[in-house]
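The sequence and the model are shown first.

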Amino acid sequence: MSTETRATLKMPGGELFPYQVEALEFIKAHQGRALIADSVGLGKTAEALAWLWARPDLRPALIVCQASLKIQWQRETARWLGINPESIQVLKGRSGPIYSAPITIVNYDILKARQNDLLKLKPLIVVFDESQRIKEEKSARSKAAAAIVKTVPSVLGLTGTPVLNRPKELWHQLFVINPTIFPNWWAYGTKY
């Protein structure tokens, strides 16, 4: 990479480190479909939010995370993008009102129950924080994740642990992010 691209990037909420700018370039080079598997604590959240900041045309946006992290994602999204936290919809529970917001945050545990509501939002980008949570293709949340992103132009997976036990765990994450790489388990399995 040239020295120009190794520069930092200033955003409303802070400045990216050079390696984070490289991650942003990686996402761009892969047309917004990428798995970012940096180690814990290196700023994957900031990298994903930098992509949202660089691409304001990708709205509405959907962020999927653990329930305990929804408010943190709301806070970090507002800070990094320089927007009002009230403009970010945080879904709670398996039912209830949902409206068209520029950014919606939902947790994995209610992803299946909210699938139809989320499809109606027609997100243009989906960010899966801790994407290893969609590693098992037969689980309800993984099926919902795959259905939601079928027509989404940009999908990001963020994880510090893409594979916990077996190489198979990586396949469904990659399939959800970009099904053209390994369109089925057999294509992945024969390679790895």
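Does Q31 count as buried or exposed? Q31 counts as exposed, because its relative accessibility is 62%, and the cut-off for that class is over 50%. The model discussed here is predicted.

## Backbone features in the loops

Q31 is placed in the loop between helix 1 (18-29) and strand 3 (33-36). Its phi is near 50°, a positive value in a residue other than glycine. K122 likewise is not a glycine and has a positive phi, of about 55°. K122 belongs to the loop between helix 4 (115-121) and strand 7 (125-129), and with a relative accessible area of 62% it is exposed.

Most residues other than glycine have a negative phi, and most peptide bonds are trans. The peptide bond from R59 to P60 is cis, with omega near 5°. P60 is situated in the loop between helix 2 and strand 4 (61-65).

## Nonpolar cores

The largest nonpolar core comprises 31 residues, and W73, I125, V127 and L156 have the most contacts inside it. Helix 2 (residues 44-54) supplies the largest share of this core, namely six residues. Another core, of 27 residues, lies apart from it and includes V126, F128, V149 and V152.

Leaving aside residues up to four places away in sequence, V127 touches A48, L62, I63, V64, W73, L156 and L158.

Helix 3 (residues 70-81) has 12 residues, and its span of 16 Å from first to last C-alpha is close to the 16 Å expected at 1.5 Å a residue. Its buried residues include W73, Q74, W80 and L81. Just after helix 3, G82 adopts a positive phi of about 70°.

The largest pocket has a volume of about 400 Å³. Of the 19 residues lining this pocket, G41, G43, K44, T45 and Q72 lie nearest its centre. Helix 2 and helix 3 are the elements that give two or more residues to the lining; the largest share, five residues, comes from helix 3.

T159 is located in the loop between strand 8 (154-158) and helix 6 (168-177). T159 counts as buried because its relative accessibility is 0%, the cut-off being under 20%.

The side chains of T159 and Q132 are joined by a polar contact of 2.5 Å. Residues up to four places away in sequence excluded, T159 touches L35, I36, A37, D38, K44, E130, S131, Q132 and Q173.

Notes
Residues numbered from 1 in each chain as written. Predicted model: local features only at pLDDT ≥ 70, side-chain atom pairs only at ≥ 80, totals over all residues. Heavy atoms only, no water. Core = buried A, V, L, I, M, F, W, Y, C linked by side-chain atoms within 4.5 Å. Buried < 20%, exposed > 50% of the residue type's maximum accessible area, 1.4 Å probe, protein only. Helix = DSSP H or I, 4+ residues; strand = E, 2+ residues; numbered from the N terminus. Contact = heavy atoms within 4.5 Å. Expected span 1.5 Å × (residues − 1). Polar contact = N/O pair within 3.5 Å; in protein donor to acceptor, adjacent residues only side chain to side chain. 1 Å grid on protein atoms, 1.4 Å probe; cavity = no way out; pocket = protein on both sides within 12 Å on 5 of 7 lines; lining within 4 Å. Points joined across faces, edges and corners; volume = space filled by probe spheres on them.
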